[in-house]
Amino acid sequence: MRVSKRSIGVVWAWVRQQPPKIKAFLSVVTGMAALAFLRFVVHDHDNLFVASEAVHAVGISVLIYKLTKEKTCAGLSLKSQELTALFLSVRLYCSFVMEYDIHTLLDSATLVTTLWVIYMIRFKLKSSYMEDKDNFAIYYVVVPCAVLALLVHPTTSHNLVNRIFWAFCVYLEAVSVLPQLRLMQNTKIVEPFTAHYVFALGIARFLSCAHWVLQVLDTRGRLLTALGYGLWPSMVLLSEIVQTFILADFCYYYVKSVFGGQLVLRLPSGVV
């Protein structure tokens with residue numbers, strides 16, 4: 001075990017010393033290797049989406065434990081939770097009017113939990129909320145997502161307004177974690193439960209992205225044409241990839257911290 005940890009430490013040290021371009025290349029190679037591994041190990045790639053939901057549920061459970069047992073919301077971004085509630089609300093509306101399925105029930109449960117977290121932060125645990133650190137202006141993401149949804153949205157036979165709403169929630173979900181990352185960057189130190197929660201989000205979004213990418217490969221691109229024509233199919237896939245890469249940097253430092261035996265995650269400057 002000690003040899004294994006020492007070897008991993010050597011690898012981390014080598015990676016850390018590499019220039020940004022090499023780090024980016026290594027990240028892409030690692031991601032492609034992980035996708036290849038999942039493609040051969042997981043035969044039914046729909047299971048990746050189920051796994052994504054399960055990991056997300058674990059992350060939410062950690063969040064509930066933090067708020068109920070630790071009695072503090074320090075380190076949590078209210079703005080990220082509000083953005084999550086917004087895109088879930090829009091997606092639920094679209095699900096009800098466009099395609100009611102099992103995901104509608106899962107989103108309903110997630111929305112209820114998210115609204116409860118918002119209530120706890122705003123009222124019950126307001127004294128521990130780091131309002132001065134949670135300073136990301138959410139209109140920087142809401143407005144661009146709304147404009148992009150007006151320009152690029154599904155080309156299905158559904159009502160135009162509903163199609164725009166659907167595009168909006170896809171784009172907003174991709175960037176909803178940005179306020180949380182900004183808060184953690186401002187504090188530089190992330191306590192364990194918040195780190196576990198954000199890492200779970202990163203893993204969940206990677207699995208969701210892998211589900212989409214492998215489905216496209218399995219259908220030889222037919223899945224993209226099934227989503228419609230124009231830029232929309234590519235934007236759906238791009239949104240999934242963006243979600244993954246936004247959290248990739250944090251996940252790297254999380255894993256490094258865990259293998260280093262550190263209970264508290266310390267972020268260097270520039271990790272957003």
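Let's start at Y140, which sits in helix α6, spanning residues 139-151. This is a predicted model, where local features need pLDDT of at least 70, side-chain atom pairs count only at pLDDT 80 or more, and totals for chains, interfaces and linings use all residues. Residues are numbered from 1 along each chain as its sequence is written, and side-chain values use heavy atoms, with hydrogens and water left out.

Helices here are DSSP runs of H or I with at least four residues, strands are E runs of at least two, and both are numbered from the N terminus. The protein has 11 helices and 2 strands, in the order α-α-α-α-α-α-α-α-β-α-α-α-β from the N terminus.

Back to Y140: it counts as exposed because its relative accessibility is 55% (exposed means over 50%, buried under 20%, partly exposed in between, with a 1.4 Å probe and protein chains only). Next, look at how α6 meets its packing partner, helix α7 (residues 160-175): the angle is about 140° and the axes are 8 Å apart. So α6 is oblique to α7. Axes are lines fitted to C-alpha atoms, for helices over the stretch in contact, and angles run from 0 to 180 degrees between N-to-C directions; under 35 degrees is roughly parallel, over 145 roughly antiparallel, 65 to 115 roughly perpendicular, and the rest oblique.

L183 lies in helix α8, residues 178-187, and is buried because its relative accessible area is 0%. L183 and M130 are 53 residues apart in sequence, with their C-alpha atoms 8.3 Å apart in space. Across the protein, 44% of the 272 residues are buried.
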